[in-house]
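Morning, everyone. Please bring up the structure, and we will walk through the ligand site and a few residues.

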Amino acid sequence: MGPVQVHQGTRLAELTTLAVGGPVDRLVEVHDAEELVAAVRDADTAGRPLLVLGGGSNVVAPDAGWPGDVVAVRSRGVLRTGDSLVVQAGEPWDDLVAHTVAEGLAGMEALSGIPGSTGATPVQNVGAYGQEVAQTITAVQVLDRRDGSVRTLAPADCGFGYRDSALKRNPGVFVVLTVTFGLEASELSMPVGYAELARRLGVEVGERAPLADVRTAVLELRRGKGMVLDPADPDSRSAGSFFTNPVVPAAMAGPVVEAGCPSWPAGDDVKLSAAWLVQHAGFGRGTRDGHVGTSSRHSLALTTEPGATATELLAFATRVVDAVRDRFGVTLVPEPTAVRPG
Ligand SMILES: Cc1cc2nc3c(=O)[nH]c(=O)nc-3n(C[C@H](O)[C@H](O)[C@H](O)COP(=O)(O)OP(=O)(O)OC[C@H]3O[C@@H](n4cnc5c(N)ncnc54)[C@H](O)[C@@H]3O)c2cc1C
């Protein structure tokens, strides 16, 4: 544990993968859960606006900057008991996934290569390639800012949904301190739940494959789409997918699916491919406007170039949303948090 460091003059652009956003009043770096609790209570007591950031890979930070405290969560540590792991919020997610694969623990291998911190994963119920963290999270320890108490949320309290949770629906209320995962001791993965991944592995959907092979295959697929953070890859200067796949009533989905949009069942509703919608509304891969646009390898990732602003990016995103609504009658919802100052 190092001393709590408070910096002035840092820009949000330096703390976020989209690399936009203005100056931070006070950047407070915390290195364990105790410091995290103290930093949040300190800001709350003083009445300073608070923004909690992990890897900054799922936020659009405001050009005006942040007129208060940005708490950067750098706590580290993984405690194993049997097949259960208690993980500090600041532990880099992909390091954790690599660790579980090396240890022969199944349950998060398909989530390889996702940037950011472990503490942020319950917020939007991080998911990819047929897995999501809701499948393995058994507890989330939080600081509840409404009364300053530290308590443990059971999975049912987390209200997980598709790229959604009670933490996301109540922004600013819960600060995640640790996340507990229940995994399965196995050299084989959980059943592969995504057709593209199954094809790459040469197995059927629902079959298992060696853990390490799944991790390698996922990383290859992700790199091919610019979905692994890499300073040398301009397509990864993004927040990953900018829109969630819209879930709509079957009657609304019908004509869109007939037009060729990939779709998946979602209870009584239908989940549509946001990437297809974006592409077929006139925003194919590599559509650029000023310093922003769609990635050259994935129409769903919006990327920035040096000189971009959040205003420019959000204006582009609005044009995409309008075009998809005009063309298909479907409203896309952004996945990253658009941080509002104050
Ligand atoms: C190239 C790329 C690929 C991606 N691929 C995927 C993908 O496949 N699937 C997927 O689901 N996501 C993906 N993402 C999005 C992102 O990586 C995840 O959402 C990740 O969990 C965000 O972690 P973070 O630490 O960077 O969060 P941040 O961006 O720092 O924060 C995101 C939100 O969570 C809040 N938050 C962060 N830490 C805490 C905490 N300790 N307590 C309470 N709130 C907190 C923040 O206030 C903010 O509202 C991708 C992003 C990029 C750049």
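Which backbone oxygen does the side chain of Arg-163 reach? The side chain of Arg-163 reaches the backbone oxygen of Asn-125, at 3.2 Å. That is a polar contact, meaning a pair of N or O atoms within 3.5 Å; within protein, one must be able to donate a hydrogen and the other to accept it, and residues adjacent in sequence count only if both atoms are side-chain atoms.

Ground rules before going on. This is a predicted model: local features need pLDDT of at least 70, side-chain atom pairs count only at pLDDT 80 or more, and totals for chains, interfaces and linings use all residues. Residues are numbered from 1 along each chain as its sequence is written, and side-chain values use heavy atoms, with hydrogens and water left out.

Stay with Arg-163. Arg-163 sits in the loop between helix H3 (155-158) and helix H4 (166-169). Helices (H or I, at least four residues) and strands (E, at least two) are DSSP runs, numbered from the N terminus. Is Arg-163 buried or exposed? Arg-163 counts as buried because its relative accessible area is 12%. The cut-offs: buried is under 20% relative accessible area, exposed is over 50%, and partly exposed is in between, with a 1.4 Å probe and protein chains only. What does Arg-163 touch? Leaving aside neighbours within four places in sequence, the contacts of Arg-163 include Gln-124, Asn-125, Glu-132, Thr-244 and Glu-335. Contact means heavy atoms within 4.5 Å.

Now the backbone angles. Arg-163 has a positive phi of about 50 degrees, although it is not a glycine. Asn-125 has a positive phi too, near 45 degrees, and is likewise a residue other than glycine. Most residues other than glycine have a negative phi. Asn-125 lies in the loop between strand S8 (105-106) and S9. Asn-125 is buried because its relative accessible area is 0%.

Next, the annotation. Which residues does UniProt list under "active site"? The unreviewed entry lists Arg-163, Ser-241 and Glu-335. They spread over 173 residues of sequence, yet they cluster in space, with a largest C-alpha distance of 11.1 Å. A caution: UniProt positions are given in the numbering used here, feature names are shortened, and annotations may be inferred rather than shown by experiment.

Ser-241 is in strand S15. Ser-241 is buried because its relative accessible area is 18%.

On to the ligand. How many residues surround the ligand? The shell has 31 residues, and the closest are Val-52, Gly-54, Gly-55, Ser-57 and Ser-117. A residue is near a molecule or strand if one of its heavy atoms lies within 4 Å of it. By class, the shell has 15 nonpolar, 13 polar and three charged residues. Strands S3 (50-53), S9 (127-128), S13 (174-182) and S15 (238-241) each supply at least two residues of that shell.

Polar pairs, quickly. A side-chain N or O atom of Ser-57 is 2.6 Å from an oxygen atom of the ligand. For Ser-117, a polar side-chain atom lies 2.7 Å from a ligand oxygen. For Arg-222, a side-chain N or O atom is 2.8 Å from a ligand nitrogen. Taken alone, the ligand exposes 970 Å², and the protein buries 93% of that. Those areas come from the Shrake-Rupley method with a 1.4 Å probe; for residues, only the protein chains shown count as cover.

Last stop, Asp-94. The unreviewed UniProt entry annotates residues 20-224 as "domain: FAD-binding PCMH-type". That span is 26% helix and 29% strand, and its end C-alpha atoms lie 25 Å apart. Asp-94 is in helix H2 (residues 93-103). Asp-94 counts as partly exposed because its relative accessibility is 22%. Which backbone nitrogen does the side chain of Asp-94 reach? The answer is Gly-113, at 2.7 Å. Beyond four places in sequence, Asp-94 touches Ser-112, Gly-113, Ile-114 and Arg-215.

Thanks. Over to the group.

Definitions and conventions: Nonpolar A, V, L, I, M, F, W, Y, C, P; charged D, E, K, R; others polar.
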